[in-house]
Amino acid sequence: MSRVTLTVNGRTVSGECEDRTLLVHFIREKLGLTGTHVGCDTNQCGACVIHMDGKSIKSCSLLAVQASGSNITTIEGLAANGELHPVQAAFKEHHGLQCGFCTPGMVMTAVDMISRHGGALDEKTVRAELDGNICRCTGYHNIVKAVLSANAEMHAAKQAAE
Ligand code: FES
Ligand code: FES
């Protein structure tokens, strides 16, 4: 057993787990943050995407002990002051989800993508970067629309603030 200490959504948390525990299972079972989903456990579906030290990662792809000391954001940490994050709001507005199983991972991937590309994000890039996130319901079209819409809105807000 090992002790894992993380900063998760701005709070320091700590817990014991077996050395073989995947980060996604630590987040869901030890921390009770079940918005991060497990769709495959084999690094394919992207339902488990979170941010670690500001970058999107598949949380089934590393052990909890490997993440100890890092700064984690999960889907539960995106909304602020009772307001959805602009990417969450865009998924809602553009019907970017149906069953919702893939949605937390899609949103976390999209937030990272937008922060890396800013206003330069286009449809081809969005489709290429969503390659690691599988959706079995939507056909992706409205997901791509939602990501592009959030990108435009966030870029405009950033420019207005400068
Ligand atoms: S559960 Fe991590 S990629 Fe599918
Ligand atoms: S909305 Fe059902 S898997 Fe994507």
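Analyst: Buried means a relative accessible area under 20%, exposed means over 50%, and partly exposed is what falls in between, with a 1.4 Å probe and protein chains only. The model is predicted: local features need pLDDT of at least 70, side-chain atom pairs count only at pLDDT 80 or more, and totals for chains, interfaces and linings use all residues. Residues are numbered from 1 along each chain as its sequence is written, chains are lettered from A and ligands numbered from 1 in the order in which they are written, and side-chain values use heavy atoms, with hydrogens and water left out.

User: Why does Cys 17 count as buried?

Analyst: Its relative accessibility is 2%. The limit is under 20%, so Cys 17 is buried.

User: What makes Cys 17 a residue in no disulfide?

Analyst: A disulfide is a pair of cysteine sulfur atoms within 2.5 Å. The nearest cysteine sulfur to that of Cys 17 belongs to Cys 60 and is 16 Å away. That is not within 2.5 Å, so Cys 17 has no partner. The structure as a whole holds 0 disulfides.

User: Why is Cys 48 called buried, and where does it lie?

Analyst: Cys 48 has 3% relative accessibility, so it falls under the 20% limit. It lies in the loop between helix H1 (23–30) and strand E3. Contact means heavy atoms within 4.5 Å. By that rule, and leaving aside neighbours within four places in sequence, Cys 48 is in contact with Val 24, Thr 36, His 37, Ile 57, Lys 58, Ser 59 and Cys 60.

User: What makes Thr 109 buried, and what is it in contact with?

Analyst: Thr 109 has a relative accessible area of 7%, which is under 20%, so the word buried applies. It is found in helix H4 (residues 103–117). Leaving aside neighbours within four places in sequence, Thr 109 is in contact with Val 49, Ser 56, Glu 129, Leu 130 and Asn 133.

User: Is Met 108 buried or exposed, and how do you know?

Analyst: Buried: the relative accessibility of Met 108 is 0%, under the 20% limit. Met 108 also lies in helix H4. Not counting residues up to four places away in sequence, it touches Val 49, Ile 50, His 51, Ser 56, Thr 73, Thr 74, Ile 75 and Leu 78. One of these, Thr 73, is 35 residues away along the chain, with a C-alpha separation of 8.8 Å.

User: Why is Asp 53 called exposed?

Analyst: Its relative accessibility is 51%, over the 50% limit, so Asp 53 counts as exposed. Asp 53 is found in the loop between strand E3 (49–52) and strand E4 (55–58). It has a positive phi of about 50 degrees although it is not a glycine.

User: Is Asn 81 buried or exposed, and why?

Analyst: Exposed, because its relative accessible area is 80%, which is over 50%. Asn 81 lies in the loop between strand E5 (71–73) and helix H3 (86–93). Its phi is near 55 degrees, a positive value in a residue other than glycine.

User: How do you know that the radius of gyration of the chain agrees with a compact globule?

Analyst: The radius is taken over C-alpha atoms, and the globule rule is 2.2 Å times the number of residues to the power 0.38. For 162 residues a compact globule would have a radius near 15 Å, and the chain has 16 Å, which agrees. Its C-alpha atoms fill a box of roughly 45 × 35 × 25 Å, taken along the principal axes. Of the 162 residues, 43% count as buried.

Key
Helix = DSSP H or I, 4+ residues; strand = E, 2+ residues; numbered from the N terminus.
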